[in-house]
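Subject: Handover of a protein structure

Dear colleague,

Please find below the structure that I am passing on to you. A summary of the findings follows it.

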Amino acid sequence: MALKPDRWPFNPVRSAPSRSVWLVFALGVLMLMPAPRTMAQKINPVEPYYVAVTKDNVPLKCRDGDFYYPVAMLKAAQVLRVDGQNEAKTWLRVEYPAGLSAFVKADDGTLENGGKTLKLTRPSRLSAASTEKGDTANWWTLLDQDKELAPGTKLSVVQTLTNAAGKTYGYHVAAPKEARGYVRAEFVRPATGAEAEAAARQAGVSAPPAPVAPKPAPPTPGAADKAAPKQAEPVKPVTPAPAPADLPKPTAPPASERPVTPVTPPTRPVDGATRPPAVPPIKASVETLVSLFDRAVGKSMDLPELEAVIAEFQRYLDALGDSPADKRIAAQLTPRLEVLKMRAELRGSLARVRESGQTMEKETARVK
């Protein structure tokens, strides 16, 4: 007896389940692959110094990671003032260049002075203004928690932002002096003395002194004819008399005499007393992280944005100590971090599956 069409082993009408099984299998394999690491690091303060950008179109990021969005595109020879770096010294924290803006949601303030001034109606840490457009583009906090602006603060409006329907969703305001951005260390070089002085003058601050070679001491009167014999005197300290005879001559200066870069503290403190309890170790607060989690769960975030949120969760957890308060915070944030990681892995795996499926379809069409 002939098989009915709906019972054929390879019925094209019922090919969808077979394809779904293949996709699930591919998804399982891809989920076992290690996900790319985008972990951000703690930013340590450094003595301020100046650097110059080495090429055009270098992104100035809102945070220290490739997945964070840019707030500006820098130009070659542009000078920046550095005041912090991550532990790997791959990202530098710099002051905002002149002319950059911050973002304020429309619900956080009211316009005054004919739309030229925005008065905050609630506490705000502002948001880093993204170079991208849209009401969901400016999602990262700009200021530290201890620099939060109080209600009643007035800010100069640079631009009023509207969506496609003509509704105002926010404002670009003049960025405060506390605003900071992040640039990759590989895209900058130490600024020259002239560059640093010019940048300091423009910013109205004092530039760090440039290294100057010591000037030779002026010759004393009547010593010209004795100059040759005196040149041989500095050679005397080279003799190995101060060193014990049974020890070999050192081929390099001792470690204590070599230039040493400042030792950066470990990412995770030994205990809760190693950092000031009143100042958070990173920019994000618990409230900010919970808000980002709710946004990630309630809205389909792009993978780069989701990876950035995960990095901030991990950064905060790594900086916690062993105090009861820190343990309570860790218990609150850790389950949320696991949910975000699963969503990111699933999002990335599905994207790879779609890409593999498209490649297979193209190869099948080419063979036919």
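**Findings**

Strand S6 (residues 101–105) and strand S11 (residues 168–174) form an antiparallel pair held over 5 bridges. Within this pairing, Val104 has Tyr171 of S11 as its bridge partner. Please note that the model is a predicted one.

The two strands belong to an open sheet of 6 strands, whose order is S7-S8-S10-S11-S6-S9 and whose pairing is antiparallel. Strand S7 (109–112) and S9 lie at the edges with a single partner strand each, so one side of each has no neighbour in the sheet.

Is Thr141 buried or exposed? Thr141 counts as buried, because its relative accessibility is 15% and the cut-off for buried is under 20%. Beyond its neighbours within four places in sequence, Thr141 is in contact with Arg125, Leu126, Ser127, Ala128 and Thr288.

Met342 is part of helix H6 (residues 324–367). With a relative accessible area of 54%, Met342 is exposed, because the term applies over 50%.

As regards the protein chain as a whole, 6 helices and 13 strands are present. The chain has 368 residues, of which 34% count as buried. Where contacts link residues at least 6 apart in sequence, 69% of them join residues at least 24 apart.

Finally, a word on confidence. The mean pLDDT of the protein chain is 76, with 66% of the residues at 70 or more. Two segments should be read with this in mind. Over residues 223–229, pLDDT stays under 50, and the model has 1 contact beyond four places in sequence for them. Over residues 243–247, pLDDT likewise stays under 50, and the model has 0 contacts beyond four places in sequence there.

Yours sincerely

How values were computed
Residues are numbered from 1 along each chain as its sequence is written. This is a predicted model: local features need pLDDT of at least 70, side-chain atom pairs count only at pLDDT 80 or more; totals for chains, interfaces and linings use all residues. Side-chain values use heavy atoms; hydrogens and water are left out. pLDDT is the predictor's confidence in each residue, from 0 to 100. Contact means heavy atoms within 4.5 Å. Helices (H or I, at least four residues) and strands (E, at least two) are DSSP runs, numbered from the N terminus. Buried means under 20% relative accessible area, exposed over 50%, partly exposed in between (1.4 Å probe, protein chains only). Two strands pair if DSSP finds at least two bridges between them.
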